Amino acid sequence: MRFTGTRSCADAESAFAIASGLVSDGGLFVPQEFPAFTADEISAMVGMDYCGRAMTVLSKYLTDYSEEELRYCVNGAYKGSFDNDEPAPLADIGKKRKMLELWHGPTCAFKDLALQLLPYLLTTAMKKTGTGREAVILVATSGDTGKAALAGFADVKDTRIVVFYPVDGVSDMQKLQMITQKGQNVSVCAIEGNFDDAQNGVKAIFTDAEMKKFLLDSNMEFSSANSINFGRLVPQIVYYVSAYCDLLKSGELKAGEGFNVVVPTGNFGNILAAVYAKKMGIPVKKFICASNRNNVLTDFIRTGVYDRNRKFYTTESPSMDILISSNLERLLYILCKGDSTQVAKYMDELKNTGRYEITAAMLAELQSEFYGGCCDDKEGKEAIAKIFKERNYLCDTHTAVALSVGDKYREETGDDTLQVIASTASPYKFAAAVLGALTDEKLPEDDFEKLAMLSSLSKTEIPAPLAGLKGEEILHESCVAKEAMKEFICRRLS
Ligand SMILES: *Cc1c(COP(=O)(O)O)cnc(C)c1O
């Protein structure tokens, strides 16, 4: 399997794509063709555990990794770090709906499924590409990615990780998760600014000539743990394949019988992984793309116009508060039938005017497989309350967006195909908002008391990684002006 770029022809093996993160022209690495499963391979996966299924999927794309290397990566990532060694269990919530629970890992969000594996894939790739340099992973985060990347890269040999978060732009629990992170190779720093400032700062540092020289002189190189890296995308294909296998195993689906997926979407990485799973032969019928009030994707799917020139809202589902969905570029590449010149043109327009419009033929193809819908915080809260009342099932604010949009889709279309809903975070990560949906009682000030209140109200347990934060030592107190990010990195790397 070889990889090309979304904006120009490229020809690389997976190790190179993973080690470098981005194509040098700013495009994203995509497979030159999609590998497909045979019916026998799918039957075999039904009898395997998650690691076995992951091996089968990864070996189709990462053909330059040996079987031993892949086994080392997969076992390292998934054995021992998820509840019951089940990274992606399905929970039934009635009315032909299944929650694909992706938050049983060390940081209680779905980012763990990819970021537990990425450090193994990346360090193995670096050995294979053989520069002998240390990788410096730069991350700008609005919450979940930062902690998941820290947990994945902490004390990983030959890597350093530096995370920047907006000082007032993450939840208290998310902040506490990051500033208590242990590890010899980790740095965490707040910046006086918002998430965009953090992201722009990181992007500028990536291409800064002075920084490049500084890194080379120190025998280091930058890399990315963002979902633009193919190494973060491929682990996400696995859980859709695994969900299908589980449904075959339980007899709820027959071989080849279709199902719909509903995904709470921000950067478009999670739902794109479902598209890749379908390309490999998993019978997904509809991709239901759920957005919060920042509904740029809903409009795009309905009209073919992508327009980021709009008001940005801060919502109760902050990890979906985003106006530029980077991974949509990979879907455009598919819709354009691999015309990278066309994709480059759209991306130029997006950069220069904030807007582009796809052709009628592309829109027709998009709409044949995608449904776009959105809901606001009030509808999200109603969804949390309803599913708790009906099924005693607790879900977080991001998952609630998917639940609400999945129901709207059924009402509008009458399509009652089984829905697999991506459940992306533990409700305890957003305890205040979830409690607000369930009770009118006054909430306690203290964050751990909120967790306790949610636990007694729902009769579920507080996830150990969150309960364990209580009393942990604060290790990272730096906060710098956004202009001083570069200086911070140099100081830490010297
Ligand atoms: C990152 C995140 C999302 C959005 O996922 P994308 O792959 O960026 O579309 C949704 N929910 C939660 C809880 C997240 O952390």
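1. A residue is called buried here when its relative accessible area is under 20%, exposed when it is over 50%, and partly exposed in between, with a 1.4 Å probe and protein chains only. Helices (H or I, at least four residues) and strands (E, at least two) are DSSP runs, numbered from the N terminus. On these terms the buried residues of H12 are Gly269, Asn270, Ile271, Leu272, Ala273, Ala274, Val275, Tyr276 and Ala277. Because nine of the eleven residues of helix H12 (residues 269–279) are buried, this helix is largely enclosed by the rest of the structure. Just after H12, Gly281 adopts a positive phi of about 115 degrees.

2. On the basis of these values: the model is predicted, so that local features need pLDDT of at least 70 and side-chain atom pairs count only at pLDDT 80 or more, while totals for chains, interfaces and linings use all residues. Residues are numbered from 1 along each chain as its sequence is written, and side-chain values use heavy atoms, with hydrogens and water left out.

3. The ligand is surrounded by 15 residues, of which the closest are Lys111, Asp144, Gly266, Asn267 and Thr424; a residue is counted if one of its heavy atoms lies within 4 Å of the molecule. By class, this shell holds five nonpolar, eight polar and two charged residues, where Ala, Val, Leu, Ile, Met, Phe, Trp, Tyr, Cys and Pro count as nonpolar, Asp, Glu, Lys and Arg as charged, and the others, Gly among them, as polar.

4. Which polar atoms lie 2.7 Å, 2.8 Å and 3.0 Å from an oxygen atom of the ligand? At 2.7 Å there is an N or O atom in the side chain of Asp144, at 2.8 Å a polar backbone atom of Gly266, and at 3.0 Å a backbone N or O atom of Phe268. The protein covers 96% of the 380 Å² of accessible area that the ligand has on its own, by the Shrake-Rupley method with a 1.4 Å probe.

5. Ser325 is placed in the loop between strand S11 (305–307) and helix H14 (328–335), and with a relative accessible area of 5% this serine is buried. Ser325 and Phe268 are 57 residues apart in sequence, yet 5.6 Å apart in space, C-alpha to C-alpha.

6. Glu379 belongs to helix H17 (residues 377–391) and, at 26% relative accessibility, counts as partly exposed. From Glu379 to Ser404 there are 25 residues in sequence and 7.0 Å in space, C-alpha to C-alpha.

Conventions. Polar contact = N/O pair within 3.5 Å; in protein donor to acceptor, adjacent residues only side chain to side chain.
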